[in-house]
Amino acid sequence: MPYPSRSQAVHDPKMLRAIAHPVRNRILTELTATGPMRAADLARELDLPANQMSFHLRQLAKYGLVEEDPDAARDKRDRVWRPVSPDGVSVNLSDLEKEPGGKAASAVFRQHAASWGHLVVDAAYGDDREPDILRTVNETAIRLTRDEAIEMAGELDEVLTRWNERTRGSDDGRRTYLLFSVLQPYPDTGLGPKAGDDD
């Protein structure tokens, strides 16, 4: 039985457009990894101006993706932000595309996500090799039915959730790592024989 996802489902095309924005997406992932943070701390972590960070946080709050965490605040004027779901968000593009404006929002999201994916892969195979960090790339082909693929994805989500809960916080000894994974049928590589090819 698949592991039940505890992430926040994105059900509104406007929410999808909000997380398609690369800065807002990065804010969400940092809050998920670290836990509640102030705008100034996020701005420092992401190397962005504090006023720009505050604007993006307000936009994410407008679409119900982040909220203030009064329990983490020092006083009533102290604004600390947290994701609505500590396990991040999940997106079902097929369902969203059925909503009014969903196809256009999906196209924007997929364009940004594909660009981000290229950047991640380029970084993984790039020349920058800091000695004190781990960088690993895993590529594995597995024979699965659709139901088995769903089950495996759920088990992987369970592992990631457990590690996120275990390591969440702003401990100086940690930095934010990114695990970027894709589970899909093996893509058409275009390596098959073409008309007119010999052997």
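Axes are lines fitted to C-alpha atoms, for helices over the stretch in contact, and angles run from 0 to 180 degrees between N-to-C directions. Helices (H or I, at least four residues) are DSSP runs numbered from the N terminus. This is a predicted model, in which local features need pLDDT of at least 70, side-chain atom pairs count only at pLDDT 80 or more, and totals for chains, interfaces and linings use all residues. Residues are numbered from 1 along each chain as its sequence is written, and side-chain values use heavy atoms, with hydrogens and water left out.

Q: At what angle do helix H2 and helix H4 pack?
A: Helix H2 covers residues 22–34 and helix H4 residues 50–62, and their axes lie 10 Å apart. The angle between H2 and H4 is about 80 degrees. Because 65 to 115 degrees counts as roughly perpendicular, the arrangement of H2 to H4 is roughly perpendicular.

Q: How far apart are the end C-alpha atoms of H2?
A: The expected span is 1.5 Å times one less than the number of residues. For the 13 residues of H2 this gives 18 Å, and the end C-alpha atoms agree, being 18 Å apart.

Q: Is leucine 96 buried or exposed?
A: Leucine 96 belongs to helix H5 (residues 93–96), and its contacts (heavy atoms within 4.5 Å) beyond four places in sequence include Val10, Pro13 and Gly102. Buried means under 20% relative accessible area and exposed over 50%, with a 1.4 Å probe and protein chains only. At a relative accessible area of 2%, leucine 96 is therefore buried.

Key: Helices (H or I, at least four residues) and strands (E, at least two) are DSSP runs, numbered from the N terminus. Angles under 35 degrees count as roughly parallel, over 145 as roughly antiparallel, 65 to 115 as roughly perpendicular and the rest as oblique.
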